Amino acid sequence: MPDSPRPIPRVLGIAIPSPLRRLFDYLPAGPAPSDGWQPGLRVRVPFGRRQVVGVVIECRDASELPLSNLKPIDARLDDTPLPEDWLWLCRFTARYYQHGIGDTLHHAMPALLRQGRALTARTREHWSVTEAGHADAPPGLERAPRQAELLSMLRQHPHGLVTQAVLAQSFTREQLKALVSKGLIECHEQPVTGGEAPKGPSLAEPALPLNGEQAAAMGALHEGLDAFHPCLLHGVTGSGKTEVYLQLIEAVVGRQRQALVLVPEIGLTPQTLERFRKRFQVPVVALHSGLTDHERLDAWEAAANGRAPIVIGTRSAIFTPLARPGAIIVDEEHDGSFKQQEGLRYHARDLAVIRAHRHGIPIVLGSATPSLESLHRARAGDYRHLRLTRRASRHAPARLELVDLRGRPRKGGLIAPVLDAIKTTLNAGHQVLVFINRRGFAPTLACHACGWLAECTHCDAHMTLHRQPPLLACHHCDHRRGLPDACPDCGSADLRPLGSGTERTEETLAERFPDIPVHRIDRDSTRRRDALERTLGEVRRGEPCLLVGTQMLAKGHHLPHVNLVVVVNADAGLYASDFRALEHSAQLLEQVAGRAGRSSHPGRVLVQTLHPDDPNLRLLAARGYDALAEQLLEERRAASLPPFRFLALLRLESPRESDVNALGERVAEATREHIEQRGLEVDCLGPVPAPMERRQNRYHMQVMLGADKRSRLHEAGAWLIAWLEAEPTARRVRWSLDIDPQTLS
């Protein structure tokens, strides 16, 4: 029997893009969808004085308001709902991260869908030769030499050509149409993104042979291709994790399913795309912030319809719908870029695990320096722990050599023995990477007469001195001002840079090694599109050069000719107030060190420090990240900190210090009272000022919730949000609740 039609609901519960954590009731209007009203349909509705695009979440017969008070929708935008797996993930995300469902959906869909654009693929004309056109002497071309030339060219492209490619060869549309009328070629519309995959093998080039550890990892992954199978692929830098990813994806694509690959930075996307497209003949699409709105919608639609077997993207790509999900891979799973720090504060890695569980598919979390959360779950048996301990180059990973900075003069942040080591490496025909995690010329400008420091007028921070162009800039609020002619306090003209940034180190190295190219890679030097990839392309040619860069260079880039890595100052993150600072600093140092010695020559890593006797730094240098991570896990267990405890951080900010202080006190008092009344096993700490109390002319305060069970933490968090929404004084303060915060800043 055919399915009975869906009953027409009297009320639609619609998610509207707004900070309010609720649905809004509207009346259905106009013709019903062919399959009836259901969750996932987009509608255009009146909201206040404007029209907005919302998503139907509930279809019901009643509302808390009289039906006569409800407005009808203005228009229905879809005949079929947005993908069900996408809607489920958005609803889970809103619930887990205590965020409004409307704002969550708004964040998770491409901009053109938010604006009401239809979810349809852009197409282009695609021309190919018919069976008649492949005949030895097609009739009708004796007096049409250009048509004959066009047919001959198309014969050389068995998969056909798009219109632009044909016209670029000086042929015309009239000639194309003439061949169509003769039955010699045909034209069909092809999607711009994720077109039809070529028939035959999925590989464009053969897979590389695996060593014993890689083969064991692949065997373990093959065991779980049809089930939720979380694996931590813990491999030293250069151990061939990407080859394991590629061969897993080969197996997934061979089963006519799709793979989603998450990478932490947009800078890694071109490198990853190039390698994947070189290996596979099937369509590979990218999703990241560098795409235009049309390109992003095209890729999203191709993934949702299954035409894109391989999807590669940054953090927000976790919300990409897949028609036939087969595996999820999170590369550099430890990286902080996977955590959204504004608005919807989700963690893409954690959502990837939840999504893989929902689909019943394997997920691989890959890293040379896994997060303590992932290591803890591997130790507990929740994840399968796969180890790759050997580099493909067969050289052992370079160990850190601590270089004592105390009492030694520095130029551009570098001391004489380190400059000598750089010279020796360059003379041997190799490349050198100088890592300094501070862009600009110097951390600040100082008066040598009275000690004045250039401070931001909007933040509790010093302004960074830049030379290109010359100015002072705050890297927290982006406030900028020109360089002073004299000290504003004492009038002295003796103003000097204090410390070193990437620009100053670059200048020092260019003066010291005038015949060697110096490439600076930081956020300032790579603002132009493709600037990073062009620079890295020059570096990969292998000629001796110097690379000066920030942590942009530490994240997964393959630099086979770098044999010496110099860390200008390793101390910045060792003594910060954030309990995760040492973990993050150790990961960064180990990742930077992993850029050295990735090919046929062993590498060397020199780490300049004012604290060479620090026990944590010495442990990292002597035994590597794994040993330090084990120690940090035991310290976290003793201190009841994540991953042995769950946290939520309430952030309060206001331009009025009195408002944020008053609300912080009221929040903490009310929360403690509620916890005591309900007998919840939840701690409430604070209020305390944020590590940077004043930022962008706003004062920041924090209240921390902690619990041994997620359920208790979420119960307390939900109550807290409801209290804040009802509290009149909270309207004068901007607030947000961060579930599983990764930083305390």
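1. Helix α1 (residues 84–96) and helix α2 (residues 101–108) have axes that come within 9 Å and cross at roughly 130°. Axes here are lines fitted to C-alpha atoms, for helices over the stretch in contact, and angles run from 0 to 180 degrees between N-to-C directions. Helices (H or I, at least four residues) and strands (E, at least two) are DSSP runs, numbered from the N terminus.

2. A word on the source. This is a predicted model, in which local features need pLDDT of at least 70 and side-chain atom pairs count only at pLDDT 80 or more, while totals for chains, interfaces and linings use all residues. Residues are numbered from 1 along each chain as its sequence is written, and side-chain values use heavy atoms, with hydrogens and water left out.

3. How are α1 and α2 oriented? They are oblique to each other. Angles under 35 degrees count as roughly parallel, over 145 as roughly antiparallel, 65 to 115 as roughly perpendicular, and the rest as oblique. The crossing of α1 past α2 is right-handed. That term applies if the near helix is turned clockwise from the far one by less than a right angle; anticlockwise makes a crossing left-handed.

4. Now the residues between them. From α1 come Trp-86, Leu-87, Cys-90, Arg-91, Thr-93 and Ala-94; from α2, they meet Ile-101, Thr-104, Leu-105 and Ala-108. The residues of this contact divide into 7 nonpolar, 2 polar and 1 charged. Contact means heavy atoms within 4.5 Å. Ala, Val, Leu, Ile, Met, Phe, Trp, Tyr, Cys and Pro count as nonpolar, Asp, Glu, Lys and Arg as charged, and the others, Gly among them, as polar.

5. Helix α1 also packs against α11 (348–359). The axes of α1 and α11 come within 11 Å and cross at roughly 135°. This pair is oblique too, and α1 passes α11 in a right-handed crossing. Glu-84, Asp-85, Trp-88, Leu-89, Phe-92 and Thr-93 in α1 meet Leu-351, Ile-354, Arg-355, Arg-358 and His-359 in α11. Here the contact residues divide into 5 nonpolar, 2 polar and 4 charged.

6. The largest nonpolar core has 116 residues, and Trp-86, Ile-318 and Phe-319 touch the most other members. Its largest share, 7 residues, comes from α1. A second, separate core of 31 residues includes Leu-203, Val-284, Ile-312 and Leu-388. Such a core is a set of buried Ala, Val, Leu, Ile, Met, Phe, Trp, Tyr and Cys residues joined through side-chain atoms within 4.5 Å. Buried means under 20% relative accessible area, exposed over 50%, and partly exposed in between (1.4 Å probe, protein chains only).

7. Look closely at Ile-318. Not counting residues up to four places away in sequence, Ile-318 touches Leu-89, Leu-260, Leu-262, Tyr-346, Ala-348, Leu-351, Ala-352 and Arg-355.

8. Check two cis peptide bonds. One joins Pro-642 and Pro-643, with omega about 10°. Pro-643 is in the loop between α18 (625–639) and β27 (646–654). Another joins Gly-686 and Pro-687, also with omega about 10°. Pro-687 is in strand β28 (residues 682–695).

9. Check two positive phi values as well. Gln-256, not a glycine, has a phi of about 60°. Its place is the loop between α8 (241–254) and β10 (258–262). Glu-332 has a positive phi near 55°, and lies in the loop between β13 (325–331) and α11. Which is buried and which exposed? Gln-256 counts as exposed, at 55% relative accessibility. Glu-332 counts as buried, at 7%.
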